[in-house]
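Dear colleague,

Please find below the structure that I am handing over to you.

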Amino acid sequence: MQFQYCPHCGTKSVPRQVGDEGLVPWCETCNLPLFPMFSSCIIALAADEEAGEVALLRQSYISTQYHNLVSGYIKPGESAEVCAAREVEEELGLKVSRLDFAGTYWFGKKDMLMIGFIAHVQKQSFHLSEEVDQAVWVTPEHALTLLHPSPAISYQVTEFYIRNRLRKEPFRNEAV
């Protein structure tokens, strides 16, 4: 979101050179830069490496044609790792044992920064939230045929998993 007016006092912003940032909306009343704001979200591929499968969701409000991965907005005061574990549990009913970082992805259509994770879980029956229509366990390679094609973020995270699942030392964050 680009600020045309100051969210603090309501004064119309003016462009001002701010260091290396270039022209930035500026509030002359508050004497503050008004940097753009965007949502921070997670996207997580729930994977059971022992079973060799990953979980995909169907959510009709996202797509009636394609499956997708677990995703959700980061709540104020919550880390991305805590959000990822919470969303996997809320949407699929699965406990996360470990998270591996899978990159950051800009989703310009909705002005979101999506922080990607591989959420390691144990394959079991799903306990779906009301916002999930169905979920399935599939092989990672088959998942690519059910997701919106690349450059969709779900597809990119799944490709990341396929490329990196056999690494001995994954790039991970043990915060959960």
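Which residue in E3 is the bridge partner of tryptophan 26? The partner is proline 33. Please bear in mind throughout that the model is predicted.

**The largest pocket**

The largest pocket holds about 730 Å³ of space. Its lining is made up of 26 residues, and those that lie nearest the centre are Ile62, Asn68, Ser71, Phe107 and Lys110. Two or more lining residues come from each of these elements: strand E4 (39–48), strand E6 (70–73), helix H1 (80–92), strand E8 (112–120) and H3. The element that gives the most is E6, with three residues. By residue class, the lining of the largest pocket comprises 13 nonpolar, eight polar and five charged residues.

**Serine 154**

Serine 154 is located in helix H3, which spans residues 153–164. Its relative accessibility is 12%, and serine 154 therefore counts as buried, the cut-off being under 20%. Leaving aside residues up to four places away in sequence, serine 154 touches Ile43, Asn68, Leu69 and Leu147. Of these contacts, Asn68 has already been named among the residues nearest the centre of the largest pocket.

**Salt bridges**

The count of salt bridges comes to seven. In general terms, side chains of opposite charge can pair when their charged atoms come close.

A network of salt bridges links Glu78, Arg86, Glu87 and Glu90. Is glutamate 78 buried or exposed? Glutamate 78 is buried, with a relative accessible area of 17%, and arginine 86, at 17% relative accessibility, also counts as buried.

Arginine 86 forms a further salt bridge with glutamate 90, at 3.2 Å from N to O. Arginine 86 and glutamate 90 lie four residues apart in helix H1, and therefore about one helical turn separates them. Glutamate 90 counts as partly exposed, its relative accessibility being 38%.

Another of the salt bridges joins arginine 98 to aspartate 100, with the closest N and O atoms 3.1 Å apart. Here arginine 98 counts as partly exposed at 22% relative accessibility, whereas aspartate 100 is buried, with a relative accessible area of 6%.

With kind regards

Note on methods:
Residues are numbered from 1 along each chain as its sequence is written. This is a predicted model: local features need pLDDT of at least 70, side-chain atom pairs count only at pLDDT 80 or more; totals for chains, interfaces and linings use all residues. Side-chain values use heavy atoms; hydrogens and water are left out. Buried means under 20% relative accessible area, exposed over 50%, partly exposed in between (1.4 Å probe, protein chains only). Contact means heavy atoms within 4.5 Å. On a 1 Å grid over the protein atoms alone, a cavity is a set of points where a 1.4 Å probe fits but cannot get out, and a pocket is an open set with protein on both sides within 12 Å along at least five of seven lines; lining residues have an atom within 4 Å of a point. Grid points are joined across faces, edges and corners, and a volume is the space filled by probe spheres set on the points. Ala, Val, Leu, Ile, Met, Phe, Trp, Tyr, Cys and Pro count as nonpolar, Asp, Glu, Lys and Arg as charged, and the others, Gly among them, as polar. Two strands pair if DSSP finds at least two bridges between them. A salt bridge is a side-chain nitrogen of Lys or Arg within 4 Å of a carboxyl oxygen of Asp or Glu.
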